[in-house]
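Let me put the model up on the screen, and then we'll walk through it together.

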Amino acid sequence: MTAESQARDTATPFMAAAFAGLATLVLWDTTSYTDADSFVFPRTIAIVLMALSIVLALQWLFGFGKTNGQAASGASTFRRIVLAAAMLGGALAMPYLGFLLAGLIAFAVILVTAMYDPWTPYRLVVYPVAGAVIVGGFYLLFSRALQVPLPTGLWTGF
Amino acid sequence: MAAIEHLLAALSPFNVLLALGGVIAGTIVGSLPGLTATMAVAVLVPITFSMEPASALILMGAIYTGAIYGGAYAAILLNTPGTPSAIATTFDGYPMAKRGDGDLAMTIACLASVVGGLVGALFLMVLAPPLAGVALAFGPVEYFWLAVFGLSLIASLSEGNLLKALMGGCLGLLLSTVGVAEVSADIRLTFGSQVLIGGIETVSALIGLYCIPVLIDLVATPARHLKVTQESKGLRLREGLALSWKHKFNLMRSSIVGTFVGILPGAGGSIAGLVAYSEAMRSSRNPEKFGKGAPEGIQASESANNATVGGGFIPTLVLGIPGTPPDAVILGALLVQGVKVGPNLFTSQGSIVYTFIWGLFLATILMLPVGLLIGRYAYRTIITIPKALLVPTVAFMTLIGSYSIRNSTSDVAIMVILGCIGWVLGRFGFSASPIVLGLILGSIAEQGFVQAWTIGAATHNLGGIFFGRPISIAIILFIVLSLFGPSLVRFIRGKKERPNDG
């Protein structure tokens with residue numbers, strides 16, 4: 001057994017426990033519903049999910065069942081985290097900075113994060129300009145042509 | 001003679017221009033993740049108010065059909081369905097693009113969409129009044145079983161681990177119940193959060209679950225997004241045509257499935273694509289190739305979702321019941337125009353209806369050159385754009401697309417968080433497709449189940465309600481066939497081959 005598969009195996013009971021915990025949480029939440037129409041469906045699904053989680057844990061315990069997860073490769077975890085943080089940060093900043101500014105900042109951070117080639121003078125000029133054109137173009141398309149009321153910033157006013 | 005008159009009316013230069021413009025606009029809007037066919041039609045409806053009813057219908061039908069097809073672009077090139085109708089297109093479209101056959105996948109999708117669109121329009125022209133009755137024959141329990149039929153596809157999307165796929169499906173079903181319950185208005189699974197009261201928006205969720213994991217993996221390595229072959233192969237139209245001919249029965253069956261699902265109010269292109277995909281896989285000689293880049297999968301999904309355009313117009317025009325969400329917008333526009341939809345529409349205002357149907361044929365045929373050209377351009381753009389620009393552009397599109405559905409920044413945050421959860425689950429063998437299936441089919445399944453349960457309990461005939469109606473029995477048979485058919489076929493083949501082994 002390789003180190004990677006061992007890592008996955010330790011994850012399986014964790015995932016089974018996480019899903020069982022979710023099912024328990026759902027079952028607990030359904031106790032506050034007033035109408036049977038509201039709880040019959042989620043409660044049924046939660047019970048099924050709980051049963052499946054137990055079967056998954058038993059599979060792991062008795063050493064059968066497939067582990068078809070993807071092993072972690074030599075890819076950059078830091079870049080992954082920055083991407084997710086930039087997107088989430090952009091979403092949360094929209095009401096304060098406005099869609100345009102939040103979008104531009106998120107775009108710039110992700111551009112730098114996804115950059116693997118060396119920064120040449122050409123790229124230093126063209127990439128930011130291209131980014132501004134793309135963000136501005138989509139902003140105009142959605143706000144003007146498609147009449148989507150994109151958020152204006154509480155702090156910036158646009 | 002009347003038919004020729006209507007055809008000539010549809011072929012007037014103004015109507016041809018409208019059909020062409022509508023297809024181009026619809027294709028572009030549909031290709032942007034988050035912008036649905038409903039939105040494409042709704043945004044452009046005001047333009048039609050000053051037009052003749054037939055011309056207005058032609059423009060709206062062309063936008064609709066173009067948008068449904070346009071959803072395939074992002075599905076194939078970015079693993080993100082441009083519209084929910086293209087969910088099943090991702091299953092085989094993206095694997096084809098990853099192995100360097102993205103251009104062929106785009107051509108196959110275009111050809112299949114044209115075939116599906118033509119079949120749907122043909123049914124609309126020839127059989128609209130009798131087929132409209134199908135919409136009325138489907139009650140809550142039939143919708144419930146139809147949703148279960150869609151969910152049975154989980155078994156074939158399990159990627160070798162049925163247990164994890166079923167758990168993913170359950171997670172999706174639970175996600176579909178978040179927010180205010182439709183029947184009783186109970187607030188469910190929000191845990192006090194205001195952000196979750198509006199529920200989890202399906203399109204935002206599927207953008208997150210499909211696209212964010214791709215972006216997370218894309219940003220982590222310097223490798224190219226899609227494999228690019230050295231020589232430019234062009235449109236690969238001949239290959240696409242040959243594959244379409246080879247799988248003509250799949251195309252026809254999927255188109256008919258799409259037309260019938262389109263007739264059912266509220267079902268829509270996503271269910272049509274999933275049901276057709278499931279059937280294509282069930283009847284294929286190589287079901288194991290599905291999900292790994294099988295052209296038949298793209299053909300099934302794309303022909304079915306475009307067939308829903310014609311199918312959806314059947315109850316819209318004959319009964320005044322919109323078959324799909326864009327039909328509801330079109331119905332509203334028709335009412336503004338003073339067109340009275342109903343059983344007499346085909347006789348009292350036949351010139352409008354038949355001119356429109358010919359216009360729909362025209363728009364669908366125009367989709368072939370338009371789709372191939374735009375598809376080619378989109379493919380070249382995706383494979384040549386540097387990663388440092390591709391990743392932030394797609395990320396920005398997901399932000400603006402998921403925001404624009406309900407003008408909600410909460411939806412954007414939910415989209416990103418779901419995407420991250422989807423990526424983590426993917427590392428442990430829980431693929432996104434069963435979760436998305438559960439999320440999409442959850443509300444239909446719950447509504448049908450609860451309503452049927454209520455009727456059954458009131459009449460003391462639960463068994464009869466769920467298992468006693470002819471259409472329900474037929475759908476249950478299909479579910480059983482979908483789940484156990486492939487295993488049965490393998491078992492029979494194994495038995496036949498065993499004597500030779502000895």
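Let's start with chain A. Its domain assignment has two entries, domain 1 (3–62) and domain 2 (77–145), and the bounds come from an automatic or database domain assignment. Take the centres over C-alpha atoms, and domain 1 of chain A and domain 2 of chain A sit 38 Å apart.

Some housekeeping. This is a predicted model, where local features need pLDDT of at least 70 and side-chain atom pairs count only at pLDDT 80 or more, while totals for chains, interfaces and linings use all residues. Residues are numbered from 1 along each chain as its sequence is written, and chains are lettered from A and ligands numbered from 1 in the order in which they are written.

So what runs along chain A? There are five helices and zero strands, where helices (H or I, at least four residues) and strands (E, at least two) are DSSP runs numbered from the N terminus. Buried residues account for 30% of the 158 residues in chain A. Buried here means 20 or more other C-beta atoms within 10 Å of the residue's own, exposed means 12 or fewer, and partly exposed is in between, with C-beta atoms placed from the backbone.

The UniProt record, an unreviewed entry, puts "transmembrane region" on residues 12–28, 40–62, 82–112 and 124–142 of chain A. Those positions are in the numbering used here, feature names are shortened, and annotations may be inferred rather than shown by experiment. Look at two of these spans in the model. Residues 124–142 of chain A are 100% helix and 0% strand, with end C-alpha atoms 28 Å apart. Residues 82–112 of chain A are 97% helix and 0% strand, but there the end C-alpha atoms lie 10 Å apart.

How far does the predictor back this? pLDDT is its confidence in each residue, from 0 to 100. Chain A has a mean of 86, with 87% of its residues at 70 or more. A contact means that the C-beta atoms of two residues, placed from the backbone, lie within 7 Å.

For chain B the mean pLDDT is 85, and 94% of its residues reach 70 or more. Helix 8 (residues 153–156) of chain B is lowest, at a mean of 68, and helix 19 of chain B is highest, at 93. As for the model scores, ipTM is 0.91 and pTM is 0.81.

Now the interface. Chain A puts 61 residues into the contact, and chain B puts in 48. Which helix of chain B gives the largest share of the side that touches chain A? That's helix 18 of chain B, with eleven residues. By class, this side of chain B has 31 nonpolar, eleven polar and six charged residues. The bookkeeping there: Ala, Val, Leu, Ile, Met, Phe, Trp, Tyr, Cys and Pro are nonpolar, Asp, Glu, Lys and Arg are charged, and the others, Gly among them, are polar.

On to packing. A nonpolar core is a set of buried Ala, Val, Leu, Ile, Met, Phe, Trp, Tyr and Cys residues joined through C-beta atoms within 7 Å. The largest one has 218 residues, and Val41(B) and Leu215(B) are among those touching the most other members. Helix 4 (residues 53–78) of chain B gives the most to this core, 19 residues.

Gly442(B) lies in helix 20 of chain B, and it counts as buried because it has 26 C-beta neighbours inside 10 Å. Its C-alpha is 7.4 Å from that of Gly172(B), 270 residues away along the chain.

Asn407(B) isn't a glycine, yet it has a positive phi of about 50 degrees. It's in the loop between helix 18 and helix 19 of chain B. Buried or exposed, then, for Asn407(B)? Exposed, because it has 11 C-beta neighbours inside 10 Å. Phe191(B) also has a positive phi of about 50 degrees without being a glycine, and it sits in the loop between strand 2 (187–188) and helix 10 of chain B.

Technical notes
pLDDT is the predictor's confidence in each residue, from 0 to 100.
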